[in-house]
Amino acid sequence: MRTSLIAGLTMAFLSISQANDQISLKNGDLFFGKVIALKGGLIELQTPHSEAPLKILNKDLIKLNFSADYSEKETPDELPKNSQELYLRNGDSIPGEVVGLTPTHLSFQTWFAGLLEIPREQIDSVFFGVTPQRNIFRGPIGIEGWSQENNGRWRYEDGALTSRDKGFIGRDLKLPENFIFGAEISWESSPNIRIHLCTDGEKPQSDGTSNSYLLNLNSGGVQVRRVMPTGSSGPKFKTLITSTQAPGNKNSNTCQLELRVDRVSKILQLYLDGEKLGQGIDPTDSPKGSAILFESMSSGSSDNSIRNIIVNEWDTTTQLLRREPRAEDDLDTLSVDDGDRFSGKILSYSPAGPTKPFTVQTLLSPNPISIPLENCAVMYFTKGADIPKSKGQYHLALRTGGKLSLSGIQLGPNKLKAKHPWLGELEIDRVVMLSISKSE
Amino acid sequence: MKKLLLTPTLFLVSAIPSFGENEKAPKERPSVLTFSDKSRISGIPKSVEAEKKQLVFDSSSLEGLSVLNTKRLLEMTLNGAPKKIEADHYALATIKGHFRDSHRDTIRGRLTNLDDKTITLETWYAGNLTLRRSLVHSLDIFNQSPSFYNGPDGPEGWISAGGNIEKYWTFKNRTMISKARSGIAREVTIPDKAKISFTANWKSSPYFRILFFSDDGSDDYPGTGYSLNVQRTYMSVYRNAPNDRNNDIISESIRNMLEAETAEFTIYLDRSKDGTNAVHIDGKEIGTWTGVDDTKFKGNWIHFVPQNTSPIKFSNISVSQWDGILPAKPEDEEKEDPEEKLEGQEIRLANGDVIIGSVKSIDEGQVSLSTSFGDVGVPIKLMRSVALSEEIDEVRMEKNDVRCWFHEGGYITVKLKSLDEKTLRGYSQVWGDAEFDINAFSRIEFNIWRPELDTARYGSSTDW
């Protein structure tokens, strides 16, 4: 009994010492430790620098980042996945699953906040196939772990890998067979960067980066090419996707790049700033490597930077995600995976049915149309009378994607209790919390 | 041997706070605590109990007074107003080092006594400090308050030829890292005998210039000054003096830098016409020069100028007094003939004369020296240095040692006992127990002998 108590205390201590929540305040103060409570204008933080928890005044809070090291429950990679994401008209987004639809409400089941009954007029849309995948890599958080060739042109600063010279930096990210690579690319004068994926090593070989995928980004557009293995017959490059859409615009020297790679089906999909630029089929045997290399092509006069690099495993459900825009404001719209759109009134949802269909009454058909769940891509709800946007005092970002506006936050060991301006009192599982920031 | 805070009665002019009327009183600015996990808390330190490793801290970020432990505390900045002292002379005692540690404590004050065993300095911040002479490495006398720089602590005080410092340089962990070719400069009053030292880190190969005595901090190619140029395995020093012909002073191969990624540079400067100057890299003499009158340089800018876009890291930058004696080379030590040494201690005067003798007494700024030619009286303000014992001795490292940095530059190591809003109490093997006015210090480093905290304190070579 005594042994188990000691073991339990030791585990509790370890879990505390591992947690590294981060609190940043407007005056530049920075605290690390484990947030054990947040209530009454105070954040209580367990830290090695004080025997008693520090009581931090949250009036000047900029952001509270919750550590991913949370030993009491699953690691973030093992958190439940939802393939649907609901967007409220105040900008909030919630991962979960539609479990019911009435003329007035949509029932949305979440694993972290239970069942939400949401009035239709508060809902902007529901996207399907938005599964947050198992995260393989998120960073960079420093230059450590990255390999550079002898010239060391790349540097780490302000959360970004930056170079203003030609040169490689690479890392073996243990890329799985199917993955989604995303990153924010920025530049000083013009974009000029190459990203080599699925390479055999984290450094270029003597023959360059053969047997890989090459994502080429410059002011002329974006291109995805298959780099053939050394010794293979035919041309060294096979172009898979080409877009002449220039990254960024005159007001922005940054873009969000996403490449989805399915090495089993040999399908690659390229997105720029959330817009799908194209899909390519690799006609060869896919490269087998698991590393990634960034190659700056800058000639020494301006910086190229890469930040917010995220690599997730890609499962097939995400393939359904389409970013079809809203068709009409005064009608419901349901878009399906082949690009068809059905506008009218989305009447109901039958989760008990074999195909789990949504029923839509369109203007074109006298009878309602049933659309199986597996074909649904995005569902927009009628923009009714303007309802005032409502923001809470805080923004809660969720580890599985999504964000919520909240007020009256009270954080306990396992749950966060707070009031959502529209959804009312919520109890949210602490494990899902990524960060809390003050609303502007 | 407890020292009390004494009124500095012997100083010629009363001490005055060093901030202007329109400036915000520094006291109003909070101190900042930095911990090894990068926690950073601002506020007012109320007290420190060293044995308990407890710090009571009043932070506007925290509810009420907080009791923090200092086990992982790296440093505490202080913003009190130091006093500016005008005196007839300024004595600077450089203390011998701690075991294998390169830091050298310095204490400044007014010399009031010197005998076989002790040196007594009158200070505004700790009253009379009587130093064990065997633990004092050197004693220098100045007629102006000696100037120091230790940094970099941040971009304050630096300017960049490119205009925008943040665009071209990153400051972190008391290090500055170049992002481009644009140089960075700051004005530091360089004493007549000075030591400029710094550490450089690079990733590919070293390619940079260090300029000193420059007359224009906003230009990477100023009109006058010295330029020390490092390019891969080659180092040169070029002198461009006003109304003088320009000189290539040193051109040397430094092939041992080929495989290195870091090096410590030290430039020894004696501005007098007959002074010997030198450049050392990693403690090894690369070249010397003499016979140039550098008193004619009016500029006081020091520049660090990368010569390519590959990042270079500069840290441990220090400008300090130098006793004018170059580190002995091994062959010089062998040549030394003890029989040729005269009895007594070597006292250098401002006019360059050297007297060998012993100090009989010090009275009202006048030193009475006993020499083989009879007794000689010398005003302290006309002295420049007193050669001290060469016996090998070092200061012990103590468990609760802290390094207290003076606003004026330099630092002392103190075994901390306690600290409150006004006073730091501590012990040193050099002077015993003493109480220090906390306004003398700009920051206090804690846990200085814990090497496992060095990476958090200084950053690592891989931390770019």
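## Domains of chain B

In this predicted model, 9 residues of domain 1 of chain B are in contact with 13 residues of domain 2 of chain B. On the domain 1 side, the residues that touch domain 2 divide into 3 nonpolar, 4 polar and 2 charged. The centres of the two domains, taken over C-alpha atoms, are 28 Å apart.

The domain assignment builds domain 1 of chain B from two segments, 1-143 and 380-464. Domain 2 of chain B covers 149-321.

## Make-up of chain B

Chain B has 464 residues, and 41% of them are buried. Its secondary structure comprises 37 strands and 3 helices. Take the contacts in chain B with a separation of 6 or more: 60% of these link residues 24 or more positions apart.

## A ten-stranded sheet

Chain B contains an open sheet of 10 strands with antiparallel pairing. The strand order is β11-β10-β9-β8-β12-β32-β28-β29-β30-β31. Its edges are β11 (127-132) and β31 (374-379) of chain B, and each of these pairs on one side only. Direction ignored, neighbouring strands in the sheet are turned by 40° against each other on average.

One pairing can be followed to the residue level. Strand β9 (residues 106-114) of chain B runs antiparallel to strand β10 (residues 118-123) of chain B, and 4 bridges join them. Here L111(B) stands opposite L121(B) of β10(B).

## Contact between chains A and B

Chain A brings 28 residues to the contact between the chains, and chain B brings 24. On the chain B side, β3 (40-49) and β5 (65-69) each supply at least two residues. β5(B) gives the most to this side, with 4 residues.

## Confidence in chain A

The mean pLDDT of chain A is 84, and 88% of the residues score at least 70. Which elements of chain A have the lowest and the highest mean pLDDT? Helix α1 (residues 2-18) of chain A has the lowest, at 39. Strand β8 (residues 105-110) of chain A has the highest, at 96.

The pLDDT is below 50 over residues 1-18 of chain A. Beyond near neighbours in sequence, this stretch has 6 contacts in the model.

How values were computed: Residues numbered from 1 in each chain as written. Chains lettered and ligands numbered in written order. Predicted model: local features only at pLDDT ≥ 70, side-chain atom pairs only at ≥ 80, totals over all residues. Contact = placed C-beta atoms within 7 Å. Pairing = 2+ DSSP bridges. Axes fitted to C-alpha atoms, helices over the stretch in contact; angles between N-to-C directions. Buried ≥ 20, exposed ≤ 12 C-beta atoms within 10 Å, placed from the backbone. pLDDT = per-residue confidence, 0-100. Domains from an automatic or database assignment. Nonpolar A, V, L, I, M, F, W, Y, C, P; charged D, E, K, R; others polar.
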